[in-house]
Amino acid sequence: MKFVYQEKYSHLFQPLTVGKGRKKILFKNRVFAAPMRTPVAVDAFGYLTAEGIEFYGGFAKGGFGAFSIPLKIPTDDTIGRSMVIDHEQHLSFSDVHKLQRYVHAYETVSICELNHGCIYHCADGTQITIGPSAMEQNGKMITEMTEVMMKEVCNIFVRYALYAGRAGFDMVSIHCGHGWLLSNFLSPLTNCRTDAYGGSVENRCRFPLMVIRSVKEAIGDIPLEIRLNGTDGDYYHDGITPEDCLAQAKIFAPYVDMINVSCGSRIDAMGRPFEHTTHFVKPGYNVSASRLLKQANLPVAIGVVGGIHTPELAEKILAEGNADYILMARQAMADSEWVNKVKTNREADIRPCLRCNLCNDGGRRGAFSTNLTMMKNTTNNSRCSVNPLHGQGCALRMIPVSTEKKRVAVIGGGPAGM
């Protein structure tokens with residue numbers, strides 16, 4: 001039987017192969033669920049929960065070619081609850097292997113994203129926040145990293161990458177965007193160094209390249225992806241530009257298999273609308289950068305994320321050669337069946353993301369505030385304006401369906417669009 005989707009969205013459902021040697025990976029389609037956290041996915045000790053298995057496994061069941069779990073480095077609670085696999089106990093007792101069996105049954109690729117919290121991380125046993133340059137950022141004093149600190153952080157990345165392989169993940173991804181530690185080295189907004197690690201693009205790439213190269217040497221044939229900022233956001237005119245991103249990509253390309261392009265900075269709250277685009281930012285905001293990387297014919301697969309919610313836009317980006325794969329986060333959260341619905345010609349049934357950012361910010365950012373605060377409220381981003389199951393799916397499914405007919409009155413319209 002020939003489905004309509006094969007003609008309408010032929011690029012979306014074309015397989016993609018990456019990697020080399022015995023760990024070469026085949027993605028069943030070009031639509032990936034981007035790295036996302038939800039506090040209910042792990043418990044207070046970092047163990048994956050039943051809700052976490054349902055949350056991440058739902059992307060596999062919903063048809064996505066891959067999904068990614070963000071892993072914070074090193075373990076702390078400064079950026080909210082995240083899964084932890086940094087010692088034997090977590091590998092032995094965590095349900096992460098149950099998740100791998102679940103997603104692999106749907107032929108979906110599992111990716112572990114490694115991310116250092118930088119200014120939102122207090123180094124083990126101290127209250128020191130680290131970064132490329134000494135400065136005040138969001139009310140915190142940043143300590144400029146020494147080469148000894150860089151080597152220590154590099155070793156941590158390597159250790160976590162090896163644990164990710166033992167936890168059954170098919171791929172490793174390194175977060176070099178969004179104003180986290182490696183991104184802060186790459187951006188002239190936050191890297192003010194005058195030594196070998198600052199100034200030119202090559203110098204700003206030196207420490208991130210140390211991490212990327214060391215991780216690749218450690219994991220061998222396991223495919224490696226990185227996330228780069230195409231820009232730091234239109235608000236930051238002196239930050240990373242698409243041309244800057246291309247120059248960085250050329251330096252990193254020999255050591256990676258995939259590069260996905262995002263944007264955003266954590267200098268202050270004004271960068272958030274670009275990192276998690278609102279309706280004031282055009283859909284597909286990062287395509288201008290991914291297009292440059294594709295035109296450069298880099299020997300890696302190029303992905304793009306950012307306000308890509310409709311199959312028409314996703315197909316257009318791929319068909320025009322502006323990317324090799326599409327990532328979506330909030331839209332996947334709003335409707336984990338997005339891919340299956342597109343695949344079976346049910347686009348009208350897709351639950352659309354409103355780009356309201358309730359799932360990310362939860363109202364924590366004032367309209368005129370430039371201060372970015374990472375709250376520890378574990379229920380803060382476990383809600384979605386349009387998906388009632390997000391964050392509480394397991395519990396809601398346990399509630400028995402009423403056998404009595406009821407008369408219900410809906411008063412008012414509001415966001416429901418009535």
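Helices (H or I, at least four residues) and strands (E, at least two) are DSSP runs, numbered from the N terminus. Axes are lines fitted to C-alpha atoms, for helices over the stretch in contact, and angles run from 0 to 180 degrees between N-to-C directions. Contact means heavy atoms within 4.5 Å. The model is predicted: local features need pLDDT of at least 70, side-chain atom pairs count only at pLDDT 80 or more, and totals for chains, interfaces and linings use all residues. Residue numbers start from 1 along each chain as its sequence is written, and side-chain values use heavy atoms, without hydrogens or water.

Eight strands form a closed barrel with parallel pairing, in the order β3-β4-β5-β9-β10-β11-β12-β13. On average, neighbouring strands of this sheet are turned by 30° against each other, direction ignored. Two strands pair if DSSP finds at least two bridges between them. Strands β3 (residues 31-33) and β4 (residues 66-73) pair in the parallel sense over two bridges. Ala-33 has Phe-67 in β4 as its bridge partner.

Helix α2 (residues 50-61) lies across β3 and β4 and runs at about 155° to β4. Helix α9 (residues 242-252) also packs on the sheet. Helix α9 touches β10 (224-231) and β11 (258-263), at about 160° to the direction of β10.

A nonpolar core is a set of buried (under 20% relative accessible area, 1.4 Å probe, protein chains only) Ala, Val, Leu, Ile, Met, Phe, Trp, Tyr and Cys residues joined through side-chain atoms within 4.5 Å. The largest has 94 residues, and Ile-174, Phe-207 and Val-215 have the most contacts inside it. Helix α5 (residues 147-166) gives the most to this core, with ten residues.

How values were computed
Buried < 20%, exposed > 50% of the residue type's maximum accessible area, 1.4 Å probe, protein only.
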